[in-house]
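Take a look at the fold shown here.

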Amino acid sequence: MFRKILVANRGEIALRIICACKELGIRTVAVYSEADRNALHVRFADEAVCIGPPRSVDSYLNIPHVISAAEITDVDAIHPGYGFLSENANFAEVCDASHITFLGPRAEVIRMMGEKDRARREMAAAGLPVVPGTPGAVADEDAAQKAAAEIGFPLIIKAVAGGGGRGMRIVRKPGEVAGAFRTARHEAEQAFGVADVYLERFLERPRHIEFQVLGDSHGAVINLGERECSIQRRHQKLIEEAPSPGVAHREREEMGARVVAALVKIGYSGAGTVEFLMDEDGSFFFIEMNTRIQVEHPVTEMVTGVDLIKAQIRLAAGEKLAAVVPSVTLRGHSIECRVNAEDPDTFVPSAGRLTAFHPPGGNGVRVDTAVHSDAVISPYYDSLVAKLIVHGSDRAEAIQRMRRALEMFVVEGIKTTIPLHRKILADADFQSGKIDTHFVERLLPLPAK
Ligand code: MV4
């Protein structure tokens, strides 16, 4: 087992990782930017190293600074959390070269899944259903026009280097293909430095369903069921739940088994998430794989009882899956609301100092946060204030529990998305599980300009 782990992140996920290490008896090293000098992850880690000025590119994203901190403090492993360096294959390689265990899959697997067209090809070859589309990047306008005619309309042009909704363009008729192709390539080049794009049939009202997996270093992979992540706005998830109210027991078993078989073929290790779109008729289509722990991992923890961060660490240390997670059974229902420092109507970030912070508690309530009563929400980083997570014996109880917890959550001094969550939880369609990726657009009147 590892002696000491460096946590290459900040905020609630850095604290979450420190909690797991403490329970495993592993010492921790926090890294922090000048803006985070007084942050809780610094206070609760055994050691802390400043790695630069507030801007992420100068600190949390600076590979030489993070590696130097790891070498100075003599750690055995680095946990990257989510965001920042968590899906950076080069960083994973630098860790390998420095004889530090990167807590994630092999660098080669990170790279494969980062190229979205390649991930699609590899997962299709490994037996997962994919949306009809091009086998790889499309070379020129002529090829795009030809592929479009085969795929049909509407279709979507996606950046090979994209993901998470960045660099996408919907095309509704043949006359729009050439222009959209040019624009998409230009935008992809600007955003990612890689112009390559590929084409897929566009699904109009899908649900976003993702399967949580764990793999060990001995070739075993398991799935821990799915999460429903359709409640989002502008590709920012707002609410996640497990299990999905739209997935039946048999579909879960079937897709779970197919996901596991595909990842065994690839030689996947560590925690990962396989994202699907689910059509109105219940068909699943693979779209992307995330090779990191995700923000919404707690809802899976609540229904499986598996501590995913501790599992990541034990698996990376060479333990076998059968020892770390002997069996998976789903119990009850869990919902997570992301409480962001944003105007709930316009979604404009609302940085500043908190004047009051009272998180709810009680039976079945979990709050993952790094915020306290006079914390400052910095404009430099993402605006997540807290994750409010509930567990109930069924979805109805989880909803009622979330509603009372939202009522009792006090955050003053900044604007938060709490009022929006109260509204969503009170909605009849949400309560009956009639949700898809357009739910929030339907619920909210056009934002005031
Ligand atoms: C799609 C799609 C419809 N058809 N692909 C957006 C995030 C990225 N991971 C993939 N995304 C989508 N891909 C096809 N072929 C619709 C979306 C999409 C979406 C997906 C998941 C969650 C929210 C979304 C919101 C708008 C569009």
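Two strands pair if DSSP finds at least two bridges between them. Helices (H or I, at least four residues) and strands (E, at least two) are DSSP runs, numbered from the N terminus. With that in hand, look at strand β9. Glu210 stands opposite Glu275 in β12. The pairing of β9 with β12 is antiparallel and runs over nine bridges. Strand β10 (residues 221–233) also pairs with β9 in the antiparallel sense, over six bridges. There, Ile209 stands opposite Glu228 in β10. The hairpin of β9 and β10 has five residues between the strands, and Gly219 takes a positive phi near 100 degrees in it.

A note on the source. This is a predicted model, in which local features need pLDDT of at least 70 and side-chain atom pairs count only at pLDDT 80 or more, while totals for chains, interfaces and linings use all residues. Residues are numbered from 1 along each chain as its sequence is written, and side-chain values use heavy atoms, with hydrogens and water left out.

How enclosed is β9? Buried means under 20% relative accessible area, exposed over 50%, and partly exposed in between (1.4 Å probe, protein chains only). Nine of the nine residues of β9 (residues 207–215) are buried, so the strand is largely enclosed by the rest of the structure. In a regular strand the side chains alternate between the two faces of the sheet. Both faces of β9 are covered. Arg207, Ile209, Phe211, Val213 and Gly215 are buried on one side. His208, Glu210, Gln212 and Leu214 are buried on the other.

Now step back to the whole chain. The secondary structure comes to 16 helices and 20 strands. The radius of gyration, taken over C-alpha atoms, is 22 Å, close to the 22 Å of the globule rule (2.2 Å times the number of residues to the power 0.38) for 449 residues, so the chain is as compact as a globular protein of that length. The C-alpha atoms fill a box of roughly 60 × 50 × 45 Å along the principal axes. Of the 449 residues, 57% count as buried. Contact means heavy atoms within 4.5 Å. Among contacts between residues at least 6 apart in sequence, 65% join residues at least 24 apart.

Last come the spaces. On a 1 Å grid over the protein atoms alone, a cavity is a set of points where a 1.4 Å probe fits but cannot get out. A pocket is an open set with protein on both sides within 12 Å along at least five of seven lines, and lining residues have an atom within 4 Å of a point. Grid points are joined across faces, edges and corners, and a volume is the space filled by probe spheres set on the points.

A search of the whole structure finds two cavities of 30 Å³ or more.

Elements that give two or more residues include β12 (270–278) and α11 (308–316). α11 gives the most, with three residues.
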